[in-house]
Amino acid sequence: MRNRGVAIPLLSLSVMLAGPVLGDVVYNNLTPNNSIGIATRPDSASGFEIETADDFLLGAPTAITSASFVGLEVPGATVDNVVVEIYRVFPADSDTTRTPNVPTRVNSPSDVAFDSRDSAAGELSFTTSVLDPSFSVLNSVQPGGIHPQPNNLTTGNGPLTGEEVQFNVTFATPFDLPPDHYFFVPQVLLSTGQFYWLSASRPISGPGTTPFLPDLQTWTRDARLDPDWLRVGADIVGGTTFNNAFSLNGNVVPEPVSTVGIVIGLAFIGYRRWRAKS
């Protein structure tokens, strides 16, 4: 009976350690501000694709199960589609032999996405909540405001006012990501008007996240610039840098070798204690 009493806790511990750690805050900079709103939308019959990307860092294998982000939209607009893409950092997944049409590709997102989820395909579900019915930003990058060099520096497309909305997204199949540096790209298609992803604090200040270096800045591109990307702050607005408002939650998966080692060690300790008591 004493042996069994040791084995049951050890078995429970081994099951716990072998599985993922649930509900972790993977990244959090859900701290929207009024510095800028940047267009981002999937390709559709009503407009060409625009992608806006901000980065996050993973130090362990992680399954991203949900995300949140904040942006501006036209009051009363309905959401027709939401797409979330994950990119790695250039030169991964990229053609490094071509000549870019932008000032730099250093620390940009890669040419093509590493993985993606689409609400139209049932790969994600979402809810929305209005944070502010009338929210204004000081500047914006609107559709048509992205240009290859030497015409990339436009200083932006000026102020905007709209409904500040938070999107909470759950992935039907999590993003299973190995340790690496990534970019998060949310895209929203509205029934009317354009969605603008809001800027966020820099340095990162969201609860539950430790700021990291290098914290890369926000990048954007449209179908006409693809596969290149522009830095929103340095290349389009000029003389500044931006982060964007988003958070990620997921399951950090322990390394199997480490888990096995811990379980074996605890089992040995338990056995020694049982023998001593016997």
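Is Phe167 buried or exposed? Phe167 is buried, with a relative accessible area of 0%; buried means under 20% relative accessible area, exposed over 50%, and partly exposed in between, with a 1.4 Å probe and protein chains only. The model is predicted, so local features need pLDDT of at least 70 and side-chain atom pairs count only at pLDDT 80 or more, while totals for chains, interfaces and linings use all residues. Residues are numbered from 1 along each chain as its sequence is written, and side-chain values use heavy atoms, with hydrogens and water left out.

The protein has 3 helices and 15 strands, taken as DSSP runs numbered from the N terminus (helices H or I, at least four residues; strands E, at least two). Of its 278 residues, 45% count as buried. Contact means heavy atoms within 4.5 Å. Among contacts between residues at least 6 apart in sequence, 85% join residues at least 24 apart.

The structure holds 15 aromatic pairs. Rings of Phe, Tyr and Trp (its six-membered ring) pair if their centres lie within 6.5 Å; planes under 30 degrees apart count as stacked, over 60 as edge-to-face and the rest as tilted. Phe167 and Phe195 form an edge-to-face pair, 5.4 Å centre to centre with 80° between the planes. This pair links distant parts of the chain: Phe167 is in strand 9 (residues 160–177), and Phe195 is in the loop between strand 10 (180–190) and strand 11 (196–200), 28 residues apart. Phe195 is buried too, with a relative accessible area of 0%. Both residues belong to a cluster linked by ring pairs, which also includes Tyr27, Phe114, Tyr182 and Trp197.

Two arginines lie over ring faces. Arg41 is over Phe48, at 4.9 Å from the ring centre, and Arg117 is over Phe175, at 4.3 Å. A charge sits over a ring if NZ of Lys or CZ of Arg is within 6 Å of the ring centre and within 35 degrees of the ring normal.

A nonpolar core is a set of buried Ala, Val, Leu, Ile, Met, Phe, Trp, Tyr and Cys residues joined through side-chain atoms within 4.5 Å. The largest has 28 residues, and those touching the most other members are Phe56, Phe69, Phe171, Leu177, Phe184, Phe246 and Leu248. Strand 9 gives the most to this core, with 6 residues. Leu177 touches Phe56, Ile86, Phe114 and Tyr182, among others, not counting residues up to four places away in sequence. Apart from this core lies another, of 22 residues, including Ile36, Tyr196, Leu198 and Leu230.
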